[in-house]
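These are my notebook entries on one structure, written down in the order in which I looked things up.

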Amino acid sequence: MVSHSTVERAQRFKQLHAQYKPLVLPTVWDVWSARTAVAAGFPALTVGSHPLADSRGADDHEGQTFEEVLAAVRPIIAAVDVPVSVDLEAGYGQEPADLVAGLIEVGGVGLNIEDTVHSDGGRVRSTREHASYVAGLRTAADDAGVPVWVNGRTDLFVHAQEASDVLDEAIERLRALEEAGADSVYPVGVQDDDGLLAAVTGALSVPVNSTAHPVRHDLERFRRLGVGRITYGPLLQLAMADTMKDMLRPWAP
């Protein structure tokens with residue numbers, strides 16, 4: 001049975017996406033980072049696959065099993081009173097219904113799903129295949145009675161030699177994800193290109209997620225370019241690692 005608090009958090013998460021333009025979701029990886037981000041004033045969070053894996057001594061790109069990821073994020077979600085989304089990579093080989101059921105069981109109310117299938121040689125799903133998977137997630141969430149926020153991601157830009165060469169294909173894919181029920185879409189790898197980012201945001205009706213660096217990037221720039229949602233991917237953890245090394249270096253032998 002789905003807890004009432006999980007449904008309430010999911011509804012709150014949806015409201016936050018409408019309230020903030022863009023909604024900034026600090027990407028956390030453990031209880032400490034989650035509590036720190038909430039204490040800094042953020043109303044929702046996301047758990048990133050890369051920083052989570054790094055914090056556990058595992059590899060990104062589905063180097064952990066789905067069960068291991070759920071066990072790791074359960075205490076993170078329980079430690080804070082805000083909605084938490086979880087990066088579930090390409091789904092860990094799970095059927096959409098099983099993926100959603102596991103997420104809901106640990107209290108997660110949003111998910112990120114990408115089209116690079118690392119468990120299958122790193123192949124990239126076709127537009128139709130990825131949209132079909134997203135549609136399955138949407139149906140499973142609806143059947144469970146929890147408005148899980150689905151962030152549909154494409155890696156087409158990072159796989160291309162020239163990102164501009166795949167712009168039309170990427171927009172077609174993101175539109176297909178929107179039609180399949182994605183609440184937001186995530187074109188990875190274009191956060192530093194104003195033209196590409198603006199082209200994507202102008203072509204979609206749902207919020208477009210962008211990666212950001214917490215120090216090097218500017219929130220107002222993303223707002224001006226029409227970005228509706230911001231996550232940090234591994235960049236917050238990497239920025240903190242750089243700062244920690246700078247602090248410790250004078251003390252090293």
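Predicted model: local features only at pLDDT ≥ 70, side-chain atom pairs only at ≥ 80, totals over all residues.

Entry 1, a histidine. I looked up the contacts of His130, leaving out residues up to four places away in sequence, and found that His130 touches Ile113, Glu114, Asp115, Arg125, Arg153 and Leu177, where contact means heavy atoms within 4.5 Å. His130 belongs to helix H6, residues 127-144, and helices here are DSSP runs of H or I with at least four residues, strands are runs of E with at least two, and both are numbered from the N terminus. With a relative accessible area of 0%, His130 is buried; the cut-offs are under 20% for buried, over 50% for exposed and partly exposed in between, with a 1.4 Å probe and protein chains only.

Residues are numbered from 1 along each chain as its sequence is written, and side-chain values use heavy atoms, with hydrogens and water left out.

I then turned to Phe13, which lies in helix H1, residues 4-19, and which counts as buried at 0% relative accessibility. Not counting residues up to four places away in sequence, Phe13 touches Leu23, Leu25, Ala44, Pro83, Ser85, Val109, Gly110, Trp149 and Arg229.

I looked up the open sheet and found 3 strands in the order E1-E11-E10 with parallel pairing, two strands being paired if DSSP finds at least two bridges between them. Strand E1 (23-25) and E10 stand at the edges with a single partner strand each, so one side of each is left without a neighbour in the sheet. E1 and E11 run parallel and are joined by 3 bridges, and Val24 stands opposite Ile230 in E11. Elsewhere, E8 and E9 pair in the parallel sense over 4 bridges, with Asn151 opposite Ser184 in E9.

On a 1 Å grid over the protein atoms alone, a pocket is an open set of points with protein on both sides within 12 Å along at least five of seven lines, a cavity is a set where a 1.4 Å probe fits but cannot get out, and lining residues have an atom within 4 Å of a point. Grid points are joined across faces, edges and corners, and a volume is the space filled by probe spheres set on the points. The lining of the largest pocket has 27 residues, and Asp87, Arg153, Tyr186, Gly233 and Pro234 lie nearest its centre. H3 gives the most to this lining, with 3 residues.

I found 1 cavity of 30 Å³ or more in the structure, and the largest cavity has a volume of about 30 Å³. Its lining is made up of Ser49, Leu52, Ala53, Asp59, Gly63, Gln64, Val69, Glu89 and Tyr92, and H3 gives the most to the lining of the largest cavity, again with 3 residues.
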